[in-house]
Every structure is written in structure tokens, then in C-alpha cells.
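Here is a short report to read with the structure open.

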Amino acid sequence: MKFFIEAIVFSTLFLVASSQVLVKPSQDKGSNSSHLSSGIYKSIYAKAKNISHSKGHIINVGGKDPEYRRSLIKKIEFKTHSMALRKILDTLKNCTDEEMVPILENLKLLVHEYDIAINFMNVGGLELIVPFAQMDNEDIASAALSVLSAAMQGNPVVQKLVADNHVLDILLENLVDKNQKYFSSLLFTISSYLRNMPESQLHFFRDDGIFFLALIIESNDSHKLKLHSISILADLAMEIMDGSNINYQKMQLIKLFITGVQSTNVCKEITSFLNDNNNITNLDVIQLQYLIHEKIIHAMHALHKVCSREFQSNRVKIAIEKLIKNYDPQVKNTLYSKLDDELRTDIYLQLKNIYEKIVLKEKDEL
């Protein structure tokens, strides 16, 4: 941890020192303004000119320019973060298993930054982190996956590098005897890999990644993992099936997505969460069911075009009708009526909307 603290202290001292210089009062008599003297300006510029920063350059437009000051601070921050990144990567190569998890957690915090994540890839971070994500020690493997997830979030440059290096294929090769914690981390990695990235999505579906999600949804005992997998599919459906920006790649993606989902039992498994237990007497369980139903309704909205046959089954219609009655805000003196009125009304309206999409559509077709 010492190296990380040193980097933070260095960064803080450097920034404080810089800010003190930047706001140093003018020594000119009769002036109360604060600005840089030309000598200080040149001194700071000389220190900053070799500091790498990926977004923009310092523009020397005069000693009083606030844009210069902001740019300098950004460059200093990037430099100190890059120093911390290199120290972490060097330490990871020689640390013990016991030291590795907290170091990876520090690395995760750093690579949330867009430029630092790219820098992480450029200095060999991907080659270093993937073997850690495959280790038998699942605490280390999960921590490594979290680093990868953080680096990919909202970062198409990193997402593309991960796709080009077939990292997900490597991670999905050997999943025997992995625990729930590992699978949870892996799902976050998959989600970060796929989000808003058609190229990654094509890789995923062409390599039968849908069957990994289906395996969790169909066979895993953990409701948390099942719901997470369903949410990933629902989010993908919202992106892929939105009907906008139709081109050849998008058409391929739509076909792969529909074919993939329909070749599994995912649609049926989604609707299994609609079943209501009449014997529930605990408000906490009702609140948990509400959260589950909320996720399932979102998934049904997103996937109704793909799963129309299953969603229009008589079993599903009966289950939705029952839930509509339970969540009806006009019905009082039931366990469901103890839920927050606004939440209850919202899910009631969503259920009604789902019911109309399924039942009325089927009647029209008949």
C-alpha cells in the first residue's frame, strides 16, 4: 500500500504547490488582483510542457489565461495517476497472493478514469490482468475481473482492445467449479464489454456467448445471478431491437440476437419469476418480490418481440392477471397494500401495459 499512498501524497503536494503559485497575488502596488507574473508563468510552463495528457494541449496565450491553468492541473493529475498506475503494475508482478487483492482494488479505482484505462492497456495491462482473472484463487480472479470491468465502462477504446484480443473467449473457456462470487464478477465484465458496443456484441453472439447467459438463467440456483443475466439480455434487446440506425451490421446483430435467444429456454425462464406465492405473509418478502417483478417487467418489455410465443401463453396471462390484482392500488387491507403507494401504482400500470401487449395483440391476431 505504501507505493499507492506515496503517489497520492505526491499528487496532492504537487497540486497544492501549483495552486499556490497560480493564485499568488500580484506585487504591483495599487493592485488587488491575483495573476501570474511572466517569470512564474514561464517557470510553470517549463515544468508542464513535457507532461503527457491525452486530451488537448497547453496553449500559451498569455500569463493570465485560466484555460492554461486548468490544462496544467489536468496534466499534473494525469501524470501522477500514470505514475501510480506504473507502480501498481510493477508491484503486481512481484507481490504475494495475500497482497494482490487490495492492490487490484486500488488499480480498479485508477482505471475508472478514461485516459488512465487506455494508458493501462498501452503499458501491457491487459496481458497482465487476464491471467489473474483465470487463477484458481477466486478472490484474486474476481478482483481482476472487476479491474477489467472498470476499464471497459464507457470506454470504447478499451472495449475494442478486449474484443480484438478475444479476452472474453479466454475467460469463458474454463468455468468448472467457479463460485457465485466469480460468476457475479464475470457478469459485470460481460455487461461492460457489451454495453453500447456493436462490435463486441457481434463477437459475443457469433461465439455463442448467449449460451453462457442461458446456462446461468436456466440452471443456476442463485436468483441474483439469474436476474443479472436476464437484465443483461434485456439491456441488449433495448439497444439491438430499437429500430434505429439500421445498417448491415445492425441487421446481422438483430438476426444473431433473435436466433440465439429463441434457441434457448430463456423466454420461459423469464416468465417463471411471475409466479406468485399465496402463502407469503412477510412484508420483506413482498418487497423483494416487487424488486424481482420490476426487473422481469423490464425484461418482458424489452424482449416481447423476441419472446412473443412464450409471453402469449395461457400460463403467463394468468400469472400477469393475478399480479395485476395484487398490485392494484385500489385494493386495500392486503400485504401488497403495505407497499409504497407510488411504487405499487407504477408497477400496476406496467403490468397492465404488458398485459395489453400480450393479450390484446393475440386477440387481434386471432
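## Negative patch

Patches are made of residues with over 30% relative accessible area and no salt bridge, and like charges are joined within 9 Å. Asp and Glu count as negative. Keep in mind that this is a predicted model.

One patch of negative charge sits on the surface, where Glu 294, Asp 340, Asp 341, Glu 342 and Asp 346 gather. Which helix gives the most to the negative patch? Helix H19, residues 341-365, does, with three residues. Glu 342 has its place in helix H19. Glu 342 counts as exposed because its relative accessibility is 64%, and the cut-off for exposed is over 50%.

## Salt bridges

How many salt bridges does a search of the whole structure find? The search finds seven. One of them joins the side chains of Arg 195 and Asp 235, with N to O at 3.3 Å. Arg 195 lies in the loop between helix H10 (180-194) and helix H11 (198-206), and Asp 235 lies in helix H13 (residues 223-240), so the pair ties together parts that are 40 residues apart in sequence. Arg 195 is partly exposed, at 38% relative accessibility. Asp 235 is partly exposed too, with a relative accessible area of 27%.

Arg 195 also forms a salt bridge with Glu 239, and here the closest N and O atoms are 3.9 Å apart. This pair again links distant parts of the chain: Arg 195 is in the loop between H10 and H11, Glu 239 is in helix H13, and they are 44 residues apart. Through shared partners, salt bridges join Arg 195, Asp 235 and Glu 239 into one network.

Another salt bridge brings together the side chains of Glu 310 and Arg 315, at 2.5 Å from N to O. Arg 315 counts as partly exposed, with 35% relative accessibility.

## The disulfide

A disulfide is a covalent bond between the sulfur atoms of two cysteines. The count for this structure comes to one disulfide. Which cysteines does the disulfide join? Cys 267 is joined to Cys 307, with an S to S distance of 2.0 Å. Why does this pair tie together parts that are 40 residues apart in sequence? The reason is placement: Cys 267 lies in helix H15 (residues 266-271), while Cys 307 lies in the loop between helix H16 (283-303) and helix H17 (308-311).

The link of Cys 267 and Cys 307 is left-handed, with -65° about the S-S bond. Are Cys 267 and Cys 307 buried or exposed? Both Cys 267 and Cys 307 are buried. Cys 95 is a further buried cysteine: its relative accessibility is 15%, and buried means under 20%.

## Helix H5

Helix H5 spans residues 114-122 and is mostly covered. Seven of its nine residues are buried. Which residues of H5 are buried? They are Asp 115, Ile 116, Ala 117, Ile 118, Asn 119, Phe 120 and Met 121. Gly 124 follows H5, and its phi is positive, near 90°.

Most residues other than glycine have a negative phi. Asp 208 is a residue other than glycine with a positive phi, near 60°. Asp 208 has its place in the loop between H11 and helix H12 (209-219). Asp 208 is partly exposed, with a relative accessible area of 44%.

Asn 333 is not a glycine either, yet it has a positive phi of about 60°. Where is the place of Asn 333? Asn 333 is in the loop between helix H18 (314-327) and H19. Asn 333 counts as exposed, at 80% relative accessibility.

## Asp 164 and Ser 200

Asp 164 is found in helix H8, residues 156-164. Asp 164 counts as partly exposed, with 40% relative accessibility. Asp 164 and Ser 200 are 36 residues apart along the chain, and their C-alpha atoms are separated by 8.8 Å.

Conventions
Residues are numbered from 1 along each chain as its sequence is written. This is a predicted model: local features need pLDDT of at least 70, side-chain atom pairs count only at pLDDT 80 or more; totals for chains, interfaces and linings use all residues. Side-chain values use heavy atoms; hydrogens and water are left out. A disulfide is a pair of cysteine sulfur atoms within 2.5 Å. Helices (H or I, at least four residues) and strands (E, at least two) are DSSP runs, numbered from the N terminus. Buried means under 20% relative accessible area, exposed over 50%, partly exposed in between (1.4 Å probe, protein chains only). Patches are made of residues with over 30% relative accessible area and no salt bridge: like charges are joined within 9 Å, nonpolar side chains (Val, Leu, Ile, Met, Phe, Trp, Tyr) within 5 Å. Accessible areas come from the Shrake-Rupley method with a 1.4 Å probe; for residues, only the protein chains shown count as cover. A salt bridge is a side-chain nitrogen of Lys or Arg within 4 Å of a carboxyl oxygen of Asp or Glu. The place of a charge is taken as NZ of Lys, CZ of Arg, CG of Asp or CD of Glu.
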